[in-house]
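Q: I'd like to learn how to read helix packing and a nonpolar core off a model. Can you walk me through this one?

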Amino acid sequence: MADRSKRAWTRPHDWAEVVLGVVAVLTPLWADTDTATMWTMIVLGALIALDGLLSLSMPGLVYGEGVQVILGALLFIAPWVMTYTALDVAAWSSWIIGALTAIAGLAALPVANAVHRGGMTTAH
């Protein structure tokens, strides 16, 4: 199981980040948004998905997991900063997706560190 974390395209944390990013990008399709809200979700969601793909393709790239935590935090605070807390579905989507992205990034950090150092890990 630990060997799997060294292979590209196999880490579940990174796949979760890709899925979360795609959901954020698509949220304006079913949520009421204004222009700023829509673009905030699209840009941050795309960055989350792209960074997840980068982490999937390069498992030992530790900074990618840190970037995920930052992007998750940015998406989480976006409803307040971009003033869309009144848009319930968009705001809750940002809060939930942002929190889950940060959690996935934090959970993947020890795995990425171990791969980067060439060590094995059993954390999954």
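Q: Which residues in helix 2 meet which in helix 3?
A: Contact means heavy atoms within 4.5 Å. From helix 2, Thr40, Leu44, Leu47, Ile48, Asp51, Gly52, Leu54 and Ser55 take part, and they meet Tyr63, Gly64, Glu65, Val67, Gln68, Leu71, Leu74, Leu75 and Ala78 in helix 3. By class, this contact has 10 nonpolar, 5 polar and 2 charged residues; Ala, Val, Leu, Ile, Met, Phe, Trp, Tyr, Cys and Pro count as nonpolar, Asp, Glu, Lys and Arg as charged, and the others, Gly among them, as polar.

Q: Before we go on, what kind of model is this?
A: It's a predicted model: local features need pLDDT of at least 70, side-chain atom pairs count only at pLDDT 80 or more, and totals for chains, interfaces and linings use all residues. Residues are numbered from 1 along each chain as its sequence is written, and side-chain values use heavy atoms, with hydrogens and water left out.

Q: At what angle do helix 2 and helix 3 pack?
A: Two packed helices are described by the angle between their axes and the distance between the axes. Axes are lines fitted to C-alpha atoms, for helices over the stretch in contact, and angles run from 0 to 180 degrees between N-to-C directions. Here the angle is about 160 degrees, with the axes 10 Å apart. Helix 2 and helix 3 are therefore roughly antiparallel, a label for angles over 145 degrees.

Q: How many helices and strands are there in the protein chain?
A: Helices (H or I, at least four residues) and strands (E, at least two) are DSSP runs, numbered from the N terminus. This chain has 4 helices and 0 strands, in the pattern α-α-α-α.

Q: Which residues touch the most other members of the largest nonpolar core?
A: A nonpolar core is a set of buried Ala, Val, Leu, Ile, Met, Phe, Trp, Tyr and Cys residues joined through side-chain atoms within 4.5 Å. Buried means under 20% relative accessible area (1.4 Å probe, protein chains only). The largest core has 14 residues, and Leu44, Leu75, Tyr84, Ala90 and Ile97 touch the most other members. Helix 1 (12–26), helix 2 (35–57), helix 3 (62–81) and helix 4 (88–117) each give two or more residues, with the largest share, 4 residues, from helix 4.

Q: Is Ser93 buried or exposed?
A: Ser93 lies in helix 4 and counts as buried, at 14% relative accessibility. Leaving aside neighbours within four places in sequence, Ser93 is in contact with Thr27, Met41 and Gly98.

Technical notes
Buried < 20%, exposed > 50% of the residue type's maximum accessible area, 1.4 Å probe, protein only. Parallel < 35°, antiparallel > 145°, perpendicular 65-115°, else oblique.
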